[in-house]
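Open the model in your viewer and keep the sequence beside it. We will go from stop to stop, selecting as we go.

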Amino acid sequence: MTEYVYIDISRIPRPLVDTAACRDDGEQKHIAFIGCAIVGIEQDSGEVQFPWPSPGELREELEKWLDYWSIPYRVDR
């Protein structure tokens, strides 16, 4: 089963929001943050959804990035 990480946009530090790269493909709004290895999808709920990689290096990188910026997150299926 696929898991996702969710972060509240309002909890993302301003420097990351100001430098984020955004792209709207008509169906989804993609957002990429400096230093984050995974591109997220903006949700109508005011959150950003990232795929939660299976255990390994990519998951560790995402966790370290979230911890470095002190961004609270939750993991859901």
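A nonpolar core is a set of buried Ala, Val, Leu, Ile, Met, Phe, Trp, Tyr and Cys residues joined through side-chain atoms within 4.5 Å. Keep in mind that this is a predicted model.

**Stop 1: the core**

Select I7, F33, F50, L62 and W65. The largest nonpolar core has 16 residues, and these five touch the most other members. Now colour β1 (4-8), β5 (47-51) and α2 (57-68). Each of them supplies at least two residues of this core. Which element gives the largest share? It is α2, with three residues.

Stay with I7 and show its surroundings. Setting aside neighbours within four places in sequence, I7 is in contact with I12, G46, E47, V48, F50, L66, I71, P72 and Y73. One of these partners, F50, you have already selected.

**Stop 2**

Switch to a cartoon view.

Zoom in on β2 and on β3, residues 29-32. The two strands run antiparallel, and four bridges join them. Select A21 to see one end of a bridge: its partner in β3 is A32.

**Stop 2: two cysteines**

How many disulfides does the structure hold? The count is zero. A disulfide is a covalent bond between the sulfur atoms of two cysteines. C22 is exposed, with a relative accessible area of 56%. C36 counts as buried, because its relative accessibility is 14% and the cut-off for buried is under 20%.

**Stop 3: an aromatic pair**

The count of aromatic pairs comes to three. Select Y68 and W69 to view one of them. Their ring centres are 5.3 Å apart. Their planes stand at 85 degrees, so the pair is edge-to-face; the cut-off for that label is over 60 degrees. Are these residues buried or exposed? Y68 is exposed, at 64% relative accessible area, while W69 counts as partly exposed, at 27%.

Key
Residues are numbered from 1 along each chain as its sequence is written. This is a predicted model: local features need pLDDT of at least 70, side-chain atom pairs count only at pLDDT 80 or more; totals for chains, interfaces and linings use all residues. Side-chain values use heavy atoms; hydrogens and water are left out. Buried means under 20% relative accessible area, exposed over 50%, partly exposed in between (1.4 Å probe, protein chains only). Contact means heavy atoms within 4.5 Å. Two strands pair if DSSP finds at least two bridges between them. A disulfide is a pair of cysteine sulfur atoms within 2.5 Å. Rings of Phe, Tyr and Trp (its six-membered ring) pair if their centres lie within 6.5 Å; planes under 30 degrees apart count as stacked, over 60 as edge-to-face and the rest as tilted.
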